[in-house]
Amino acid sequence: MRRYILSRVMQLIPVLLLTSVAVFMLIRLIPGDPAHIIAGAEATPEQLEAARSQLGLDQPLPVQYVIWLGRVLRGDLGKSVISDLPVTTIIAQKLPVTVELTIAALLFSLMLATPLGILSAVRPGSWVASGTFWWNALAMAVPTFWLGILLMLFFGLQLKVLPTSGYVPFFSDPLKALRFLVLPALTLGAHVSAVLARFLRSALLDTLHQDYVRTARAKGLVERQVVLGHVLKNALIPVVTMLGLQFGAFMGGAVITEALFDYPGMGRMMLQAILTRDYTLIQGTILFVVSAFVLINLVTDIVYAFLDPRIRY
Amino acid sequence: MGAPSSRSLLRNLVREVRRSRLGIFSVTVLLGLTLLAVAAPWIAPHDPLVQSLPDQFMAPSIRHPFGTDEFGRDLLSRVIHGGRISLSTAVVAVSLAVAGGVPLGLAAGYFGRLTDSVIVRFLDFLLAIPAILLAMAIVAVLGASSVNAMFAVAVVAVPAFARLARASTLAQKNKEYVEAARCIGCTDFYILRRTILPNAWGPLIVQMTVAAAMAVLLEAALSFLGLGTRPPDPSWGQMLSSGRSHLARAWWYGLFPGIALTLLVISLNFLADSLQAAIDPRFRGHQSAEGRGR
């Protein structure tokens, strides 16, 4: 086990290094003077000079990279070109908003996917099974932003029961916050709910034909006890770990959902950074998201290996 | 040599797709949408770019079946023309991704050692960035345009092809017929092309369909975010983005481009499912490749 964890951690290092090189090269690949890019279009000559020395542009490229990496490792991601705030401060501000949205979306998709997945596996050919099939097919094909638009049209403009944009922090007014959270969470969670329902269904189908399930039936357990006690418990192992792998889908979906609903989280912040050419902010956010993604994948793999001792890569 | 002929693979695929109702449905829809896109200039009732401010925000009618937008342009014509961007992105991005990914995967699997670890680490790196963020970052460097969006989508699609090609190379490189080819003095390039690649085509064709669906969605998302096709060119994602700002006045603006987009993606997904069933008989019924998106 320890050796497995160690080897997985070692595999991360090249990925993170490559990411850091790519992120470092980002502003140097864009045509034009990097100092101009960092200092903004209306920079004074003094500001340009400051940006130049901060980037170490008079040094050779590998030296610049080492200086930059050293700062990053000390937690200094630079300052936003637009707002002049440290990138880490901005991320710390926006992250909780996106985490809130992601948790809500995750809960929604679990609540939907668990019954759909179980029923469609246990009762193949029933109307629940075919309904689940079509829900999955639709939820995987409907683009996130169009689903959001449909929800806005129906709940926001037709029924007028939910707001179509805006955000209230959860801890300032939970009820009001929930009203603002519902539509974005449904939008973001729909795709993952389909992935999970499909995955749960096939995991259950695999488990349903195992010998120990036949034994459970043979000793006279009621079908409900067989499914909930024996099948589900084992089928959930891959499903739980699958959730970890959905982090990337959530992060990508959050960009679109937040842009659509004017939700002030990481996703919308990153989009604005790209549209306003705030390259230090883009660099910092990408680095942060990729590191988080890679770490979550690592934890997922380790949890998986821990839950199922047969797994060794 | 032991490689199956590509013609029999193709015949197999066609037979399996024709056998399933969803397969027939998806091929029909895809052919229909392709026809509309190719013949757009002759089929579309109006010019997709001509503005007519008096006709602003007209509800669907016989003259404008899908209604009009904020500049009085005919939405049906814009939706028909928008198919050109979605379909050409799918074709161009998938071709680029195959051209880039398959040789990478073949080389990694066949040569092993350092080549393999360098390529695999590079793929890990591409996979470590969530798809849309990678595409956004590429567009951020290159600038927003539909051509750059196609390129970004292609880069996102590369790792899946490379991994498939690598896996099937690893599975075959020690088979007798590959050894035989090596013994009679065939070059590495010849062995890869004539003995290993033909056996890899099955999963690659399925992946091409999956990647096409992903490409359509990703291009639409980029255009929706303002990072792909620029106005006034009609693309479904960009139309939905403008439609979102006018939902209160024009529900049809946010509806029809989305229907077209969903129809295209769902057909590609169903086609992928029936192709998968054709190359892997265990995969019958309504199952689908888990975790094939990411």
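In the predicted model, A:Gly220, which follows helix H9 of chain A, has a positive phi near 95°.

Most residues other than glycine have a negative phi, and most peptide bonds are trans. Against this background, A:Asp84 has a positive phi, near 65°. A:Asp84 is situated in the loop that connects helix H4 (61-73) with helix H5 (87-122) of chain A. Since a residue with 12 or fewer other C-beta atoms within 10 Å is classed as exposed, the 8 C-beta neighbours of A:Asp84 inside 10 Å place this residue in the exposed class.

The loop between helix H11 (247-261) and helix H12 (266-275) of chain A contains A:Asp262. With 12 other C-beta atoms within 10 Å, A:Asp262 is exposed, the limit for that class being 12 or fewer.

In chain B, the backbone feature concerns a peptide bond. B:Pro231 and B:Pro232 are joined by a cis peptide bond, with omega about 5°. B:Pro232 is located in the loop between helix H9 (188-224) and helix H10 (236-245) of chain B.

Notes:
Residues numbered from 1 in each chain as written. Chains lettered and ligands numbered in written order. Predicted model: local features only at pLDDT ≥ 70, side-chain atom pairs only at ≥ 80, totals over all residues. Helix = DSSP H or I, 4+ residues; strand = E, 2+ residues; numbered from the N terminus. Buried ≥ 20, exposed ≤ 12 C-beta atoms within 10 Å, placed from the backbone.
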